[in-house]
Amino acid sequence: MSTLNKIFDKLAQSRQNITLLAIITGLLFIVFSWIILFISSKTAISFSGIAHIHKTSPVLYLIDFFPLIAIAFIFIIELKRKKEKEQLTKEVDSREKLMDAMAGFAKEIGEGNFKSTLNIDSHNNILAQSLLMMRENLAENHKKETEQSWIAEGKEIISDILRMHNRIEELSLRVIHELVKYIQVVQGALYLYDEEKKILKNVATYAYNRRKFINQEFKPGHGLIGECAYEMDYIYRTEIPDDYATITSGILGEQKPRSILLIPLISDEKLQGVIEFASIHAEIPELTIRFLKELGEVLARTIFNLRINQKTEQLLQEAQLMTRELQENEEQLRQNAEEMRATQEELQKSNEQLEANIQKVENAQKRLHSLLENASEIISIYNKDFNLVYISPSVSNILGYSPEEMMSGKDMDRLTRKGEQAMREMFKQIIDFPKKPVSFQYTYMKKNGQKIFLETTGRNLLHDPAIQGIILNSTDITERKRAEKEERMRSKMQALSENSLDMIMRLSTVGQFFYANPVTKNYLGIDTKDLINKTLNEVNFADVLFNYFRETIEQIKSSPVKANAEITIPALIDDVKEDRIMSFVAIPEFNENELETILFVGHDITEAKRIELEIQDKNRKIEDSINYAQRIQTSILPDNRVIREHLPKSFIFYRPRDVVSGDFPWFLQKGNITYIAAVDCTGHGVPGALLSFIGYFLLNNIVDHESEHTAASIINDLHYRVRKTLKQDHNDAEARDGMDIAFCRIDPIKKELQFSGAHRPLYLLRKGELLEFKGDRKAIGGIPHRKKEETDFTNHIINYEGGDKIFFFSDGLPDQLGGPEIKKYSPGRIREKIVENKNLTMEDFNVFFANDFEEYKGNNKQIDDVLLIGIELI
């Protein structure tokens, strides 16, 4: 304001000088006119002569009044300009008050006070509207972060308890104890589900800061506990049944809870227990319910693991007991060994008798051969080279080939490639482990073209003089396979939850329905009993579903991998017809590596989609707000064209990390003096941008009002004004925000460069040699040290020469991580690159540093805002 008054005073003095000059000029004009008439009329210069020339030339009277007319005209203009001065002064005062109010409001937001109000008319003020919108978005994000932090802290507390205890009883009590305190309810209980007895038993109850010994049992479906277990879903009630248990305390007496919450503990779709909480408050917060639902899964998995561990310990104890019993029987085994040796002698005698009976066995084999002709299995013998040397006559009835045809190679010709590989693998195992029989199953093509399943068991009898080969017993198991397939289908159906909220169906590869759960009726409008064993063409439902099933079946038949899709289908939910968005997963199911059926699982994601759209809308609003702030910030930054008018050989390499930036270049030309600075505010993004507004307007105000300031005195003044603006000079100050700065004052008349820095240096390149002027080791702003007196910033005065090049920058460039070893870019690298490329022009330096920064950063994330300013002094 003082500068504006000085300008107005100078203008007023100038107008007074002009008025005096006009009066003097008018008088001289009159005298000059008189002299011309005196000379032209040859009249003597006297008072009578003056009267004579006025009489002879009346126009002189008009000329005599000319100074008075000029004075009157200038007086009217002066009155008009005085009014304009008063109006301009009022407008400047109003704008300064407006900027002070918005700066204070921005500071309140930066300190986390989202309830702060902006007491100005923001109707036509774009900056005020942006700040208000930014406050609302930041407040909403702060609320979400606070809720998520509360949930994470609770999970961490319970996780510590789960890691400390390995006994269910101790763990249950500690968990209920901590949860009652953490969610601030008056009572909590934990019930574990006994799968063998089919009951829920109370194992821990805690109320009014003390343990309660209550023995309660519930069957699934009985009472609220049983209902929660049966439905496998949480129950939240604010209307409590009259027969529900009351809460007893010394302070409240007997009082019925006003709200209760029951959470099922489910792991791998199996019930592990139920936790119950009661509160005397009217409602349990939604955040608490969400926290307990997420925690329930963790508790269920932990309880399941502890049960497995306890069962394992029990089995280990039993094994140890058996070991002791075996040790006790060791003596008995030694005694039996003597008896076995005696038995062995008797066996030798028996062998001699067996040799005598060999002939009898050969006769028995002949009888066996005749029996094999009508046997239900095929017996074949292969030699050590895996050539078929014998096959039983029953092959004709089972496979349709004669023994001669099989001996000629049909035993392998009619096998699939997989079957042939399995056969050779079986022969290899029989040779490697001659005492171990080997079985495998495979498909075989009969002579009439029918495919059947065979099961073959092989034994190594190469050393048996009666066989001298590998004997294979093959049985037709086609009917058994079919029965197993049907049983497998029924087992899979039983494994599916009839209470699932998802639509579950199993279809064959030709579109026949094998299974559909009850939820299917809501979406297809058809009872499951009317759906089973029918094909897609026999069922009348929406075209979109028909086309989806048909196309997906064909897709999986050609490429048997899981397929996902989202479709919108008409549904009947609670007797109301509406379109629902379904997320379908089609899962191929195999048997013997052959595609058998396709399982379709449809999950209703209508509500999730709605929430997703809401989140996208909120994100868009936040992004629009930040983009608007970026336009505002860009509008106040100096224009490169204006800078180059005064500093033609200069460049600014500016890369904000986010949309808005905490780093900003600042420039002001005042008379012949050029002021330019690189400012790095605390943080980046929105917080840094808010602080950058404060720094920008404070620098403008300081430099514009004082003309004789040095570079150091300017940033000293900025230092104290930032503290005052952010109220860091108060005893209860907590905000440590501030800024680093490299500030230059250039006087081209004196060829003098003044530099002062806060944590930031200046590099001077002169005739190939690089000089460094370090900034002071303190920042602009921040809470003052109560016991240490502050020193002023250092003012470096440099008498520069034409062609000197200066560089100054924020810490975003040297702190950037990158390179092959993921290290910082570093100030040393900046100095090295300047010296290596000392002959580059400023424009080339700009291109070089931009390319070098991107190449060094590579695929790493930019960690901070980047600002580098280079100037060649002339």
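In which handedness of crossing does H20 pass H21? The crossing is right-handed, meaning that the near helix is turned clockwise from the far one by less than a right angle. The model is predicted, so local features need pLDDT of at least 70 and side-chain atom pairs count only at pLDDT 80 or more, while totals for chains, interfaces and linings use all residues. Residues are numbered from 1 along each chain as its sequence is written, and side-chain values use heavy atoms, without hydrogens and water.

Helices (H or I, at least four residues) and strands (E, at least two) are DSSP runs numbered from the N terminus. The axes of H20 (residues 827–836) and H21 (residues 842–857) come within 12 Å and cross at roughly 140°; axes are lines fitted to C-alpha atoms, for helices over the stretch in contact, with angles from 0 to 180 degrees between N-to-C directions. H20 is therefore oblique to H21. Contact (heavy atoms within 4.5 Å) involves Arg829, Ile830, Lys833 and Ile834 of H20, together with Phe845, Phe848, Phe849, Asp852 and Tyr856 of H21.

Elsewhere, five strands form an open sheet in the order E11-E10-E14-E13-E12, with antiparallel pairing; strands pair if DSSP finds at least two bridges between them. At the edges lie E11 (388–391) and E12 (438–445), each pairing on one side only. Neighbouring strands of this sheet are turned by 25° against each other on average, direction ignored. E13 (residues 451–461) and E14 (residues 469–476) pair over eight bridges, and Thr457 has Asn473 in E14 as its bridge partner. Helix H11 (residues 403–413) packs on the sheet, touching E10 (377–382), E11 and E12.

Key: Parallel < 35°, antiparallel > 145°, perpendicular 65-115°, else oblique.
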